[in-house]
Amino acid sequence: MRLEIQCEDRIGMVREVLDLFVPHQIDIRLIEADTKNHCVYCGFPDIEFAKLQQLLGELRRLDGVKDVKRVVFTPSEREHNALYTLLEALPDGVIAVDLKGTITMATDLAAQDLGVPIAELLYRPLQQFIKGVSFAKVTWDDIVNGVSKRIRIRNKALLLEMKPIFVPDECGKSNPAGSVIHLKSQARLNRQAANFKQAPNAESDLAQYFHAEVSQSVAMQNMLQRAKAFVNRIEPLLIEGEAGSGKRDLVQALFQHWQGLQFDQSGQLIIRHARDIGVADVKKLGHFNGWLVIEEIEYLPADTQVALANWLTRRPEFSTSFESLCRVVSLTTHSESRLTAEHGLNKTLYFALSSLFLRVPSVRERREDLAGLIHQTLLAYTERYGVILPTISKGALLKLSLYSWPGNLKELQNVCLQTLSLNKKEWQPEDISLPKDDEARPLVLVEDSLEKTMKQFEAALLKTLYPKHPSTRRLAKAVGVSHSAIANKLKEYGIG
């Protein structure tokens with residue numbers, strides 16, 4: 001049981017309080033004074049209710065006592081448990097020793113490293129468990145900045161980092177009081193690094209996410225210009241793009257950029273599939289602050305479409321209140337005609353959702369960005385998996401650039417990961433496995449013309465051969481024609 005006694009800060013106050021416990025034969029096990037808040041805390045075993053009532057009355061009648069109440073814990077107990085919780089949350093084992101090298105505190109992870117239960121560690125010399133380091137004979141002046149040592153315990157290598165504890169006296173002089181010891185293992189360090197690499201980048205905004213090397217194409221520059229113009233608006237935003245083109249990544253980058261422009265950082269980003277949104281969810285939008293992103297808007301149930309259309313059309317265009325504001329962002333892979341005609345999306349809802357419109361270009365429209373996209377993807381994968389960044393030969397890059405990428409960024413990432421898994425220092429065309437290109441036309445008579453048919457076949461053949469012989473001279477030698485003839489044909493067919 002704990003009592004908090006609010007009282008005056010005067011000499012003899014604590015003694016008068018403690019004297020009241022003696023007649024009741026109460027064993028005081030904790031006494032704590034909080035001079036800042038003018039409180040005295042007492043801890044003792046539970047007593048009968050009648051005896052407690054009598055004690056509380058006697059305490060309240062003391063001169064200088066303002067109030068007495070039961071509490072669950074004292075400030076020092078809360079701080080001690082908060083500190084221990086913090087230490088347990090650390091990725092390394094932690095041990096505290098006094099000036100004699102006796103263990104005064106240890107975390108579960110440290111006990112696991114030493115192979116001894118915490119109960120058997122406390123108040124015993126640390127030197128019994130870590131040989132070769134005399135913690136009782138440390139010269140404190142020599143380790144002000146800490147000490148690091150490699151040790152081996154239970155056939156496991158650990159890094160021991162020791163930092164001294166200093167307690168200032170009333171004159172401000174720092175006096176050594178022991179040390180805190182961290183036990184680090186290679187496995188835990190590797191796991192921390194892996195978690196850091198795999199965690200999403202929560203700080204990347206629109207400018208940081210789309211680096212210059214992946215936004216050189218005109219299509220991408222135009223899209224980013226519109227995106228920056230739309231980011232700080234409250235009107236609904238419709239984003240169209242092929243599957244795998246990066247619509248979700250764009251939304252997350254836009255939202256983070258928007259958050260950076262706001263004074264209030266409480267706005268949330270919620271991404272839901274259209275099938276998972278009902279009429280009840282629409283009714284809650286007025287109380288939601290942030291962005292609601294609806295994926296595959298064409299699958300929104302019919303009754304939810306009506307409810308959302310009504311909510312959007314009845315919402316005032318301008319607001320002068322400080323109430324929560326919800327922005328609706330919808331994603332789709334279809335054009336307006338397909339959304340409304342083939343998928344039956346409510347036209348009123350479509351025009352309400354498309355107040356602002358963005359189209360994410362496909363990889364085919366971003367040929368100039370391909371090298372940057374590949375480099376960006378490989379950087380992420382090599383950092384995540386701890387492998388060396390490969391170089392890409394001109395032929396391999398040509399093969400990748402001539403492919404149509406129907407799966408867009410997702411397909412590009414898959415191809416990069418598969419090729420990276422081969423552990424090649426330099427990628428060659430034959431290292432890269434690509435599916436049959438859907439853009440390749442079947443060999444049939446074109447427009448009833450043998451000449452046009454042969455040109456189509458010749459273009460397809462050169463497109464296949466060029467990555468394997470990535471220069472006009474090498475390609476000319478391979479097919480047995482002049483350099484100038486090959487250069488003209490590549491120019492005619494738009495290859496390279």
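Visitor: Which strand is joined to β1 (residues 2-7), and by how many bridges?

Guide: That's β3, with 5 bridges and an antiparallel run. Two strands count as paired if DSSP finds at least two bridges between them. R2 has G43 as its bridge partner in β3. Keep in mind that this is a predicted model: local features need pLDDT of at least 70, side-chain atom pairs count only at pLDDT 80 or more, and totals for chains, interfaces and linings use all residues. Residues are numbered from 1 along each chain as its sequence is written, and side-chain values use heavy atoms, with hydrogens and water left out.

Visitor: How does β2 pair with β3?

Guide: Antiparallel too, over 5 bridges, with β2 covering residues 30-34. D34 sits opposite C39. The two strands make a hairpin with 4 residues between them, and H38 in that turn has a positive phi of about 55 degrees.

Visitor: Is β3 buried or exposed?

Guide: Mostly covered: 5 of its 5 residues, 39-43, are buried, meaning under 20% relative accessible area (1.4 Å probe, protein chains only). In a regular strand, side chains alternate between the two faces of the sheet. Here C39, Y41 and G43 are buried on one side, V40 and C42 on the other.

Visitor: Switching to α11, which residues are buried there?

Guide: T304, Q305, A307, L308, A309 and L312.

Visitor: What do they pack against?

Guide: α10 (279-283), β12 (290-295), β13 (326-332) and α13 (347-353), where contact means heavy atoms within 4.5 Å. Helices here are DSSP runs of H or I with at least four residues, strands are E runs of at least two, and both are numbered from the N terminus.

Notes:
Buried < 20%, exposed > 50% of the residue type's maximum accessible area, 1.4 Å probe, protein only.
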